[in-house]
Each structure stands twice: as structure tokens, then as C-alpha cells.
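I opened my notebook for a quick look through this one, jotting things down as I went.

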Amino acid sequence: MTQKRIVILGGGFGGLAVAAGLGDAEAQVTVIDQRNHNLFQPLLYQVATAALSPADIAEPIRKTLGRFRNIRVMLAAVAGVDTAAQVVTTESGDAVPYDTLIVATGSVYNYFGNDHWRTHAPGLKSLSEARVIRQRLLLALERAELAKDAEARRGLLTAVVIGGGPTGVEMAGAIAELGRDVLARDFRDLGPEGFHVVLVEAGDRVLSAFPERLSDYTLKALTARGVHVWTGRSVKDVRPDGVLIDEEFVPAGVVVWGAGVRASPAADWLGVPAGKGGKIAVDGRLRVIGLENVHALGDVAHLEDASGAPLPALAQVAKQQGDWLGKHLRREMTGGPALPDFTFHNRGNTAVIGRNDAVFDFGRWQMRGWFAWVLWALVHVWLLVNFEKRILVSIQWVWRYLTRQSGARIIDERAPERADASRPDMP
């Protein structure tokens, strides 16, 4: 009997969870991704701020899935999907037939029609972007030490983070701590008092998805760390040397974008209507509305909870959906009892502010401060892809906590100072 052909687009949290659930099943599984590695994006900001190295939060997809002999991995970029013929085409010209297609291609940052800003304000969706941010940040400090002009030095010692969500808050806090610790210890002509971090949010508060009391706490905690939080301010332009915020130009040595995301262009591939943020509507069994044998999950899928609110673009959502879909498809193949429709179990939403400080929202109750920070660390270590990564990251965190030293503060003199703006990383 011919085995079922299952093609998974994307090797992130959701795609890998589905693949693992189908490991050694009676099916031919193909995972297609433009990157050869899975990436733990929640800790990508620590690569950007020199706290961790890229290898600490990434692992080759082939290594993760290599133990399953029925799973094939393809390093390729998707060009389109012929849903009538049930074939995925890649940019290299390969045609991959499927019986069941799973779209788990995640999201990219939304520059709201100003994609040319990406060159000057990279986001945090790929290792290349994180390395560019780290490169610019460290080079700005070195150049500030040599600057003779006070105004030029002030610009180099200013970092602007755009977007007051969890990514923006985490980046602003981490940059502020890096600048404070490094300038105080390692530079002779610079001091922490000259380093400035500006966090810009167009809304009226940071962490708008969190309860207001946690937003207020975060604002006070960031301010105590020296971060200048500007709410109700809009970015009008991003330039190589800074950011135009409303009518005020702020010179900056590094600019980071974290002001919103949109789904990958999977809706265009499938020829289905794209909802808000480019998402694809799915039913309770994660099937794409209007298509046969096509499922979507994670950031690319639109599914509402019992209250009618769309599920958030969180790693835990993608992971739970991937686990559910892997079990569901396996039972379909074996004739086992059907699973009930997917239900999201909220494990809490969190954002780290800095050393000894974080916020956690569990819905009915909240946590903040040191205990939230410890819980954040435990959860993120546990979610890393394997035991080796958990040990490596834990050791580095303990060492950094005790010494306040960042171990990945290396400038690659041959590395480009910009990410590839022409095509963001996606499957």
C-alpha cells in the first residue's frame, strides 16, 4: 500500500511539533524550510545583545528530526502551491507532491508599507538580523570611544527600539543593561551616564496586551533602568543615522524594529483570502477553510478561542497546535478514535524587563518582579529544543548573572552591517 505523503512547510515550533508527532508513522513526511535550522525566537534578543551565541538557541532541523527514518528535510524556499494538483513548488524548480499539506510558515515583521526601513531597522525574526543588530550595537560603542565631536558621540551612544510589545520591552531592557555594564567596565573614555535607550510606542502604553497594572509596572521598571519610554509617538521615517519620531529627529547608533508582525505570504500561495495580518482562516481541526487536505497553524493561522478572540501569535500556541495536529493525523492513518477539536490552553504570557525583573500574565492572576523573572527563565530553558541547549544556556545565564559579563561580544570585521532586506527569512 502506498504511504501517505505529508508535506510540512516550516521548521519552527509548530512544524517541528507536527513532524515529531508523525515520526516513524506509516507516512512519507517532508519538511521544507528556507533555513537549515530551527530557531528559538523568544531568546533571539539575547543574541542581538551579546548575551548568547547563535548556536545556543538554534539547531539543525536534520539533527532534530534525524532519528525518524520516515522524515525527509528539504532546504528550499517555497515559490507556490498548486492546490488542485496537490503540489508544492520551490524557487529552485522542484515539485513536491502531497496528500496532506501543513502550512506552518510563521510571520515576519510588518513595516506598514515602509519595507525600505528594514535595512536601517532590522527586526528579530532570524539569526542574521540578530547578528546585524549586535554588530551595529558593538560598533557604535567602539566608534563612540573614538569620536571627537560630542554630538556625534551622543548619537552613537543612543539606541532606538520601535514598538512597545514584549520584543521591544525585552530589547530595550537588554540594551540598557549591556550599555551600562560594558561602558562602566571596559571603556575608558565613556561612561554609563552617556548611554541612552529610547523605546517608542505609538499606543498609550507598553505591553498593551497585558493588564494595565503590569504595563504600569513595566514602564516604571524600564525608566529605573534608564530607558526613555515615549508613548503616543509615531515613527515617520527611519534613516541610516537615526529615526524621525513625529517632528523630532533622534540620531542613533542602532535602531531595532519590533512594532508588529504579519503572516508569511502563504495565503497567496494557496489562493485563499488573507484575513487581518495576512492570516489564513482555519476551523477547529486546523483545516484551511475552503481547501481539502490543507492545514495551517501557528502565526499564519487565524483561529478564535471560546470567547471569540483570535489566538495570539505565541510560541505556545504553535507548539500546542503542532502537537494536536500530529496526533490527529496519526490517528487518521491508524483508524483510531478522532480527537476533539483543538483547544488552546493558555500557559501565561510573559515579558522580561531585565535582570531580576519580569512580568507574567496568567489571566486571572499576575506575577511581577524577581519571582516572575525566575519563572520566565525556567520556562524558556525548558522550551529549548534539547537537553544540551538547556544546559549550555543555563550555565551561561548563571555566569552572566554572577559576573555581569556578556560572553558573545565579538565583532566580526568581515560581517555585513545589514540583514538581507530583499527577502526576509521564511520557509
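I began with a contact list, keeping in mind that this is a predicted model. On the α1 side I found Phe13, Gly14, Ala17, Val18 and Gly21. Their partners in α9 are Ala315, Ala318, Lys319, Gly322, Asp323, Leu325, Gly326 and Arg330. Sorting the residues of this contact by class, I noted six nonpolar, four polar and three charged.

Next I looked up the geometry of the pair. Two packed helices are described by the angle between their axes and the distance between the axes. For α1 (residues 13-21) and α9 (residues 315-334), I wrote down an angle of about 25° and axes 7 Å apart. Angles under 35 degrees count as roughly parallel, so I put α1 and α9 down as roughly parallel to each other. The crossing of α1 past α9 is right-handed.

Then I turned to α4, residues 127-146. How far does this helix reach from its first C-alpha to its last? I got 29 Å for its 20 residues, close to the 28 Å expected at 1.5 Å a residue. I also checked how covered α4 is: mostly, with 15 of its 20 residues buried.

My last stop was Arg35, in the loop between β2 (27-33) and β3 (37-39). Is Arg35 buried or exposed? Its relative accessibility is 17%, so I logged Arg35 as buried, the cut-off for buried being under 20%. I also took one distance from here: the C-alpha atoms of Arg35 and Pro60 are separated by 8.7 Å, while the two residues sit 25 residues apart along the chain.

Technical notes
Residues are numbered from 1 along each chain as its sequence is written. This is a predicted model: local features need pLDDT of at least 70, side-chain atom pairs count only at pLDDT 80 or more; totals for chains, interfaces and linings use all residues. Side-chain values use heavy atoms; hydrogens and water are left out. Axes are lines fitted to C-alpha atoms, for helices over the stretch in contact, and angles run from 0 to 180 degrees between N-to-C directions. Helices (H or I, at least four residues) and strands (E, at least two) are DSSP runs, numbered from the N terminus. Angles under 35 degrees count as roughly parallel, over 145 as roughly antiparallel, 65 to 115 as roughly perpendicular and the rest as oblique. A crossing is left-handed if the near helix is turned anticlockwise from the far one by less than a right angle, and right-handed if clockwise. Contact means heavy atoms within 4.5 Å. Ala, Val, Leu, Ile, Met, Phe, Trp, Tyr, Cys and Pro count as nonpolar, Asp, Glu, Lys and Arg as charged, and the others, Gly among them, as polar. The expected span of a helix is 1.5 Å times one less than its number of residues. Buried means under 20% relative accessible area, exposed over 50%, partly exposed in between (1.4 Å probe, protein chains only).
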